[in-house]
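Try each task before reading its solution.

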Amino acid sequence: MNDRDIMENLLLTTKGVCDLFMHGAIESSTANVHQAFCSALGDSLSMQDSIYKEMSGHGWYSAEQAQQQRIDQVKQKFSAPQA
């Protein structure tokens with residue numbers, strides 16, 4: 001397993017943890033539990049961002065630039081009045 005594979009696994013795992021913490025915050029029944037999940041989510045999102053930046057810096061994770069025409073189509077689709 002090379003460094004890129006390890007980083008990809010870390011990123012996927014961290015994204016999964018973020019998802020679990022988000023659902024924990026949504027479903028929490030007390031303010032203390034909600035705050036604990038929100039705090040853990042914030043920390044996990046920060047880790048995810050650091051991993052992404054590291055991968056991006058090595059050229060292992062690149063985001064594709066969206067075409068303006070496609071952006072406009074999606075905006076129009078979701079801003080149209082619903083019947």
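**Exercise 1: the helix pair**

Work out the handedness with which helix 1 passes helix 2.

Step 1. Helix 1 passes helix 2 in a left-handed crossing; left-handed means the near helix is turned anticlockwise from the far one by less than a right angle, and clockwise would be right-handed. Helices here are DSSP runs (H or I, at least four residues), numbered from the N terminus.

Before going on, some ground rules: this is a predicted model, where local features need pLDDT of at least 70, side-chain atom pairs count only at pLDDT 80 or more, and totals for chains, interfaces and linings use all residues. Residues are numbered from 1 along each chain as its sequence is written, and side-chain values use heavy atoms, leaving out hydrogens and water.

Step 2. The axes of helix 1 (residues 3-27) and helix 2 (residues 31-57) come within 8 Å and cross at roughly 160 degrees. Axes are lines fitted to C-alpha atoms over the stretch in contact, with angles from 0 to 180 degrees between N-to-C directions. That makes helix 1 roughly antiparallel to helix 2 (the label applies over 145 degrees).

Step 3. Sort the contact residues of this pair: 17 are nonpolar, five polar and three charged. Nonpolar covers Ala, Val, Leu, Ile, Met, Phe, Trp, Tyr, Cys and Pro; charged covers Asp, Glu, Lys and Arg; the others, Gly among them, are polar.

**Exercise 2: what is tucked away**

Find which residues of helix 1 and helix 2 are buried.

Step 1. Buried means under 20% relative accessible area, exposed over 50%, partly exposed in between (1.4 Å probe, protein chains only).

Step 2. On helix 2, the buried set is Ala40, Leu41, Ser44, Gln48, Ile51 and Met55. These pack against helix 1, and the buried residues of helix 1 pack against helix 2 (contact is heavy atoms within 4.5 Å).

Step 3. Now check Met22, found in helix 1: Met22 is partly exposed, at 34% relative accessible area. Its C-alpha is separated by 9.0 Å from that of Ala40, 18 residues apart along the chain.

**Exercise 3: the remaining helix**

Decide how many of the 12 residues of helix 3 are buried.

Step 1. Locate helix 3 at residues 68-79.

Step 2. The number buried is zero, so helix 3 lies largely in the open.

Note on methods:
Helices (H or I, at least four residues) and strands (E, at least two) are DSSP runs, numbered from the N terminus. Angles under 35 degrees count as roughly parallel, over 145 as roughly antiparallel, 65 to 115 as roughly perpendicular and the rest as oblique. The expected span of a helix is 1.5 Å times one less than its number of residues.
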